[in-house]
Amino acid sequence: MSRYSLENYEKYKTVKIRPEPLSKKGHISYHGQFEYAALSWRELEPVRGDYKLEGIIEMLSTIPNPILILTPDMPSWVQGCADVCFAALIRKVGSYIGSGIHLAAVVLSTLADSTEEWNAYIDSFEAQTLLADPLNDKQIQHLRKRGRGFGLLVKCGEENWIECCEAFARNHLQKTWKHDPVVLHATDDICGPATRREAYRWHACLSNVDIGLGGSLTLRRLTYPETVSSRGSLPLRFWFVNTGSSRIYREFRLWVRLKQGNVAFELPLIAATHSWLTGDLVHNEIIPLQDMPPGTYTLHFGLFFEDRSYIPLNIRNPEQDGYYEAGTVQVEIMNEDPLMNIWNTYDPEGYYPLEDPKLPEA
């Protein structure tokens, strides 16, 4: 270590961990593939007003990353105003599903491509992501006019990938992935090189074939103090990176756990994970500690959804219940908290706050 290295100028002793990534075989992207949950109008409403919806919830719960698609195959009882009748079915299914069942998305499948049907999806699937067709200019214009956010279902193959690219440019869809998912439906038996390349350029998160799409989070570095005070402060500096093709769209939070034997303290952080895209993701935070018995604690961290399922990270660190082991930290009883305001005048990464020069004395 050089005499001029940053470690020689630290104001508090830190622990720095740099986890090893998993092998390519062990790597798992968060999203990946989807399956269609196809529901037939003819089967759902064999008689007008007599809906057979009982099996929908059970079917959706057995499909990984289900994308709902209502197939507009008309029952024999339909005589006229078919799009209005199909819109009524859309509203009924949306009301039945509600917000309690997780769907990856809902396809805007229609019978007549009418505003009546589009409005039925907008009004009835408020909690779900709607997938528009990037080639359907009128549909996209209507969604924007209604102020409804939407994702994209891109049906792409080696023969029409240029047409899909033109649709992205024509409808200004290049940044859609930042707020809603882009889903690839590869129309060829084998996903060709042009389709695969464009899927990554569109930041697609799901596909009907496995081409490695989705978010893939890795922790590059975590820095924290060797010693902290009970009821004091714990400065943490996280450096994640998303090496995948897309962001993660479900809401999740960053948690830290301090554990000593059977005693564990779980601490939620206020990381702005809703804005995490791809590339480097940095979060620094000083969190207050509870009244903790002194001793050596193991520090763990994890990324959890609201239902407490977790995001698997691309690191080799030991994991249990979604928490990854980082290292140990010593908790002591101190008369004061030396780390509460440690970053006000000092940045351990080597950047220091600038001050305006003082006026010279007269």
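Eight bridges tie strand β13 (residues 252–260) to strand β16, and the two run antiparallel; two strands count as paired if DSSP finds at least two bridges between them. Helices (H or I, at least four residues) and strands (E, at least two) are DSSP runs, numbered from the N terminus. This is a predicted model, so local features need pLDDT of at least 70 and side-chain atom pairs count only at pLDDT 80 or more, while totals for chains, interfaces and linings use all residues. Residues are numbered from 1 along each chain as its sequence is written, and side-chain values use heavy atoms, with hydrogens and water left out.

Back to β16: Gly 302 there is the bridge partner of Trp 255. Strand β16 also joins β18 (residues 323–332), antiparallel again, through seven bridges, with Leu 299 partnered by Gly 327 in β18. Nine of the eleven residues of β16 (residues 295–305) are buried, so the strand is largely enclosed by the rest of the structure. Buried means under 20% relative accessible area, exposed over 50%, and partly exposed in between (1.4 Å probe, protein chains only).

Elsewhere, eight strands make an open sheet with parallel pairing, in the order β2-β9-β8-β7-β6-β5-β4-β3. At its edges sit β2 (32–33) and β3 (35–40), each pairing on one side only. Within this sheet, two bridges link β5 (residues 105–107) to β6 (residues 130–132), and Val 106 has Leu 130 as its bridge partner in β6. Helix α6 (residues 161–170) packs on the sheet, touching β7 (151–156) and β8 (182–186). Contact here means heavy atoms within 4.5 Å.

The largest nonpolar core holds 61 residues, of which Ile 67, Leu 68, Val 93, Tyr 121 and Phe 125 touch the most other members. Helix α3 (residues 82–97) gives the most to this core, with eight residues. Such a core is a set of buried Ala, Val, Leu, Ile, Met, Phe, Trp, Tyr and Cys residues joined through side-chain atoms within 4.5 Å. Not counting residues up to four places away in sequence, Leu 68 touches a list that includes Ala 37, Val 93, Val 106 and Phe 125. Apart from this core lies another, of 40 residues, among them Phe 238, Phe 240, Ala 271 and Ile 311.

As for helix packing, α3 and α4 (residues 115–124) meet at an angle of about 10°, with their axes 9 Å apart. That makes α3 roughly parallel to α4, a label for angles under 35 degrees, as against over 145 for roughly antiparallel, 65 to 115 for roughly perpendicular and the rest for oblique. Axes are lines fitted to C-alpha atoms, for helices over the stretch in contact, and angles run from 0 to 180 degrees between N-to-C directions.
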